[in-house]
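Subject: Structure handover

Hello,

Here is the structure for you to open. My notes on what was found follow below.

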Amino acid sequence: MGNTIFTKIINREIPADIVFESDSLLAFRDINPQAPTHILIIPKIEIPTVREIKGNEHSKLLGEMYDAANQIAEKEGIAEEGFRLVFNCGSNGGQEVYHIHMHLLGGRKMNWPPG
Ligand code: AMP
């Protein structure tokens, strides 16, 4: 089971700097950080893109992802000054890994528009 590098991280087949884990989620530092804090929060189940998210099926999981983001932001010391949460979707959205992931970015002032 599993087609992406993130499944290998979940299964501990390749290493990652894991900062949070629950029954349903894993969070680890991005290997190519775009901000002083750059963490990826992923579900353990495989959902390729945001387009496959169904409110009636995944609302609890999504709530848990936001709870995890808030908890990690507090722990990383970036909560007060603010941070950015991003889901990239598909090729125009800049998605490279087809296993949904929430980017948690912080520790610097973010630009807008994001480019
Ligand atoms: P996206 O472009 O939204 O699909 O984001 C994928 C992210 O995964 C990028 O920011 C990559 O730097 C990151 N990434 C890819 N491989 C790894 C890895 N082995 N460990 C941690 N982060 C990774």
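Which element gives the most to the lining of the largest pocket? H1 does, with three residues. Helices (H or I, at least four residues) and strands (E, at least two) are DSSP runs, numbered from the N terminus.

Two notes on the source. This is a predicted model, where local features need pLDDT of at least 70, side-chain atom pairs count only at pLDDT 80 or more, and totals for chains, interfaces and linings use all residues. Numbering starts from 1 along each chain as its sequence is written, and side-chain values use heavy atoms, with hydrogens and water left out.

The pocket

The largest pocket has a volume of about 920 Å³. (A pocket is an open set of points on a 1 Å grid over the protein atoms alone, where a 1.4 Å probe fits, with protein on both sides within 12 Å along at least five of seven lines; lining residues have an atom within 4 Å of a point. The volume is the space filled by probe spheres set on the points, which are joined across faces, edges and corners.) It has 32 lining residues, and the closest to its centre are Asp30, Gln34, His38, Asn88 and His103. Two or more lining residues come from each of H1, E2, E3 (37-43), E4 (83-86) and E5 (102-106).

The ligand

The space taken by the ligand is this largest pocket. (The test: more than half of its atoms lie within 2 Å of the grid points.) Around the ligand are 16 residues, with Asp30, Gly94, Glu96, His101 and His103 the closest.

- A polar side-chain atom of Asp30 is 2.5 Å from a ligand oxygen.
- A backbone N or O atom of Gly94 is 2.8 Å from a ligand oxygen.
- A polar backbone atom of Ile31 is 3.1 Å from a ligand nitrogen.

On its own, the ligand has 500 Å² of accessible area, and the protein covers 87% of that. (Areas come from the Shrake-Rupley method with a 1.4 Å probe.)

Backbone

Most residues other than glycine have a negative phi, and most peptide bonds are trans. Arg12 has a positive phi of about 60 degrees and is not a glycine. Arg12 lies in the loop between H1 and E1 (18-21). Trp112 and Pro113 are joined by a cis peptide bond, with omega about 0 degrees. Pro113 is in the segment after E5.

Best wishes

Technical notes. A residue is near a molecule or strand if one of its heavy atoms lies within 4 Å of it. A polar contact is a pair of N or O atoms within 3.5 Å; within protein, one must be able to donate a hydrogen and the other to accept it, and residues adjacent in sequence count only if both atoms are side-chain atoms.
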